[in-house]
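Please go through the briefing below with the sequence and the model side by side. It begins with the surface and then takes up the sheet, the helices and the cores in turn.

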Amino acid sequence: LKRSVAPAVMTERWALLICDMQEDNLRSLPADQRQDVVQSAARLLDVAAFHKWVVAFSGLRFPSGYEGVSERHRLFGALRRQNERFGDEKIHFFLEGTAGANPIPELSLPEETVFSWRQSLHPFRNSSLEEELLSRKITRVVLLGAKTSTAVLAAAQWLCDLSIATYVAETAVGDEGLQAPACEVIGKFADVFKNVDDMVKAINEELMISQFLQKGRDPPEGG
């Protein structure tokens, strides 16, 4: 008689991906929204540390004079044109070596954080981020940062194409003008929660179920 072989259980590997939490990006957010995003990030960094997740930070960073940026770029081209007129001293959004281009000081990023700097709106385009996640066999990502309608949305779409389950809390992402509709669109590509508490509760349930399955046991009812 042939023995029945139980199907292999996928080992879930988690990552926390922080998008563009830099002063030059967050200063345009309403004060209460910025506070929510910063507090949510702190809570999720604690969760990541407890569970030993990979932490990745994707941010915008340009060389002096915005060298290499096309003047025809709808957003960054304007920065280059203004910089040509007034120089780095006055036009220095996301420029290397400036405080505004660094992760905000409120973030307590672990030493082993994976940094991915880029010169495009998309966190995965022309960056090492995809390779970093795939080489670590990441299967689930908690996504946060700003802006909701640009980097966060683009990341959620890309992660969906990579078949990586993605989680977003509305209080952990920020956008001064398009927050509600952007979160609604992200819901097509990720699990979206109203707040971090609800998301962490769902994640803890996922982790518990995964542990039971890896041990060959059925998860408790309602778990």
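The protein exposes about 12,500 Å², of which carbon and sulfur atoms supply 50%; accessible areas come from the Shrake-Rupley method with a 1.4 Å probe, and for residues only the protein chains shown count as cover. This is a predicted model, in which local features need pLDDT of at least 70 and side-chain atom pairs count only at pLDDT 80 or more, while totals for chains, interfaces and linings use all residues. Residues are numbered from 1 along each chain as its sequence is written, and side-chain values use heavy atoms, with hydrogens and water left out.

**Overall make-up**

- The protein holds 7 helices and 6 strands, where helices (H or I, at least four residues) and strands (E, at least two) are DSSP runs numbered from the N terminus.
- Along the sequence these elements follow the pattern β-α-α-β-α-β-α-β-α-β-α-β-α.
- Of the 223 residues in the protein, 43% are buried, a term that stands for under 20% relative accessible area, with exposed meaning over 50% and partly exposed lying in between (1.4 Å probe, protein chains only).
- Contact means heavy atoms within 4.5 Å, and among contacts between residues at least 6 apart in sequence, 77% join residues at least 24 apart.

**The sheet**

- The 6 strands form an open sheet in the order S3-S2-S1-S4-S5-S6, with parallel pairing, two strands being paired if DSSP finds at least two bridges between them.
- Strands S3 and S6 (191–193) stand at the edges, each with a single partner strand, so one side of each is left without a neighbour in the sheet.
- Neighbouring strands of this sheet are turned by 20° against each other on average, direction ignored; the axes are lines fitted to C-alpha atoms, for helices over the stretch in contact, and angles run from 0 to 180 degrees between N-to-C directions.
- Strand S1 (residues 14–19) runs parallel to S2 and is joined to S2 by 5 bridges, with Val-55 in S2 as the bridge partner of Leu-16.
- S1 also pairs with strand S4 (residues 140–146) in the parallel sense over 6 bridges, and Ile-18 stands opposite Leu-144 in S4.
- S2 pairs with strand S3 (residues 114–118) over 5 bridges, again in the parallel sense, and the bridge partner of Gly-59 in S3 is Trp-117.
- In S2, 6 of the 7 residues are buried, so this strand is largely enclosed by the rest of the structure.
- Asp-191, which lies in strand S6, counts as partly exposed at 42% relative accessibility.
- The C-alpha atoms of Asp-191 and Thr-166 are separated by 6.2 Å although these residues are 25 residues apart along the chain; leaving out residues up to four places away in sequence, Asp-191 touches Thr-166, Tyr-167 and Val-168.

**Helix H3**

- The buried residues of helix H3 (residues 76–86) are Phe-76, Gly-77, Leu-79 and Asn-83.
- Seen down the axis of H3, these buried residues fall within an arc of 155°, so they line one face of the helix; the arc is that of the directions from the helix axis to the C-beta atoms.
- Strand S2 (54–60) is included in what covers the buried residues of H3.

**Nonpolar cores**

- A nonpolar core is a set of buried Ala, Val, Leu, Ile, Met, Phe, Trp, Tyr and Cys residues joined through side-chain atoms within 4.5 Å.
- The largest such core has 31 residues, and those with the most contacts inside it are Leu-16, Ile-18, Met-21, Leu-44 and Val-142.
- The elements that give two or more residues to this core are S1, H2, S2, S4, S5 and helix H7 (196–214), and H2 gives the most, with 7 residues.
- A second, separate core of 23 residues includes Leu-17, Val-114, Ile-138 and Ile-186.
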